[in-house]
Amino acid sequence: MKNFKKRAWSLVFVFTLLMGLVVPSASANSVEPIQYLALGDSLAAGMTPEKGISSGYADLTAKYLKEQGLLAAYSKEFAIPGYTTQNVLGDLTAKSELREAVKQANLITISAGANDLLKIAKADPENNILILDPDAAKLTLQTLAKNYMTILQTIKELNPNAAVYILGYYFPFPYLSDEQKPQLIELTKTLNQTIQLATAKDATFVPLYDTFGDDTKKYLPNPENIHPNEEGYKLMSDALIETMAKSKTKANDLPKGHWAEKELNLLLANKALHLDEKGNIYPEWAITRAEVAAILYNSIPMTKSIPANPGYKDVPETHPAYMAVAKLTEAGIFTKSESFNPNAPLTRAQLAKVIATAFQLKSDGPVPFYKDITASYWGTPYINAITKNKIMLGYTNGKFGVNDSTTRAQFAVVLARVQANTANK
């Protein structure tokens with residue numbers, strides 16, 4: 001009975017938040033129902049593991065909205081199997097009927113990007129692997145990011161009031177060689193990260209990877225097909241509905257136009273940071289070492305192996321950030337010592353070290369001139385690397401501020417910069 005009440009409350013909560021998606025009409029007692037337009041590839045179209053077309057995540061989402069009395073219209077007419085981001089962009093530019101549909105919609109979802117990579121990949125059935133040139137993949141991801149930015153700019157010009165949600169991707173290759181899986185898992189995560197960064201300004205990203213996990217065979221029953229079964233599409237729809245509801249949650253202390261608004265909202269959307277009971281995120285608070293460890297652990301590709309206990313006396317295995325701290329210490333991102341000081345603020349010098357190490361930034365060239373560092377200072381190589389890559393810069397007084405605490409806003413911006421830098425390489 002207790003679980004039933006909790007589930008019922010959860011549904012009511014989601015429904016209540018979804019009401020914020022609709023636009024108030026002239027009457028105080030009525031709202032304008034949702035006009036839903038689904039764009040993109042075969043996932044938006046609802047392709048099945050048997051290569052038929054059925055109810056995909058868009059259909060299930062439309063059904064849910066209809067059951068709640070929120071749906072006025074729904075179309076997946078422009079969701080085409082095999083579509084790339086370039087195809088979506090081309091249709092938005094050339095098809096007058098699609099441009100009109102965008103103008104009429106107040107909810108738009110897009111799933112595109114996987115086919116951009118698949119079109120440059122070649123299957124090798126004999127060795128059960130996928131052949132993909134790394135340089136071609138990097139170039140494709142750069143083009144994909146540019147296409148997405150233009151797609152969203154076009155939608156915004158046609159309909160500045162539409163709520164746009166971009167679907168991420170699950171791992172689509174559970175049946176390929178186990179030796180190649182780590183590489184393909186990292187590629188899928190990089191694809192998701194590229195899409196998320198490219199669309200953060202004008203849309204809301206819907207993460208799916210963790211929902212499905214690394215082993216997706218349960219949801220992809222056909223070894224020769226990358227499309228999910230009904231249960232998989234239900235997971236996608238649930239993730240979309242939950243993101244739609246939660247995307248309306250904003251920090252009370254983050255005013256519109258704040259210099260780190262986009263980056264902090266990105267951390268909120270990814271559950272990397274959370275609002276407190278007052279609805280605040282505290283942009284100017286110092287971010288702690290444990291918080292940084294947890295965020296980095298979920299932001300960079302890492303193996304799922306169980307790490308050795310690093311032996312910090314203040315981070316036992318019961319600590320909420322233990323796994324993140326242990327894995328990052330194992331990777332050399334944090335330096336092993338007697339204590340980790342999880343609740344201590346992360347200094348700017350420490351931030352330079354963990355970011356430069358985690359994202360493998362190079363420190364070639366002369367040491368930048370800052371009044372508070374020397375060539376022999378422990379943090380100089382990391383400060384050099386992060387400065388050369390324009391991820392962090394010093395103050396106008398000529399100092400780097402090595403011992404100054406890093407604020408939550410500063411960390412959010414630095415993380416966004418280095419992720420964009422990595423995606424564009």
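Here is a short chat about the predicted model shown above.

Trainee: Hi! What is the mean pLDDT of the protein chain?
Mentor: This is a predicted model, and its protein chain has a mean pLDDT of 89, with 91% of residues at 70 or more.

Trainee: Where does pLDDT stay under 50?
Mentor: Residues 1-17 stay under 50, and so do residues 22-31. For residues 1-17 the model has nine contacts beyond four places in sequence; for residues 22-31 the count is also nine.

Trainee: OK, new topic. How many helices and strands does the protein chain have?
Mentor: You'll find 16 helices and nine strands in the protein chain. Its radius of gyration is 23 Å, close to the 22 Å from the globule rule for 425 residues, so the chain is as compact as a globular protein of that length.

Trainee: And what does the C-alpha trace span along its principal axes?
Mentor: About 65 × 65 × 50 Å. Buried residues account for 49% of the 425 in the chain.

Trainee: Let's look at α7 and α8. At what angle do their axes cross?
Mentor: Roughly 35 degrees, and the axes come within 9 Å. Helix α7 covers residues 134-158, while α8 covers residues 181-199. The crossing of α7 past α8 is right-handed.

Trainee: Which residues meet there?
Mentor: From α7 there are L141, L144, A145, Y148, M149 and L152; on the α8 side they meet T190, L191, T194, I195, A198 and T199.

Trainee: How many of them are nonpolar, polar or charged?
Mentor: The contact of α7 with α8 has nine nonpolar residues and three polar ones, with no charged residues.

Terms used
Residues numbered from 1 in each chain as written. Predicted model: local features only at pLDDT ≥ 70, side-chain atom pairs only at ≥ 80, totals over all residues. Heavy atoms only, no water. pLDDT = per-residue confidence, 0-100. Contact = heavy atoms within 4.5 Å. Axes fitted to C-alpha atoms, helices over the stretch in contact; angles between N-to-C directions. Helix = DSSP H or I, 4+ residues; strand = E, 2+ residues; numbered from the N terminus. Left-handed = near helix turned anticlockwise from the far one by under 90°. Nonpolar A, V, L, I, M, F, W, Y, C, P; charged D, E, K, R; others polar. Rg over C-alpha atoms; globule rule 2.2 N^0.38 Å. Buried < 20%, exposed > 50% of the residue type's maximum accessible area, 1.4 Å probe, protein only.
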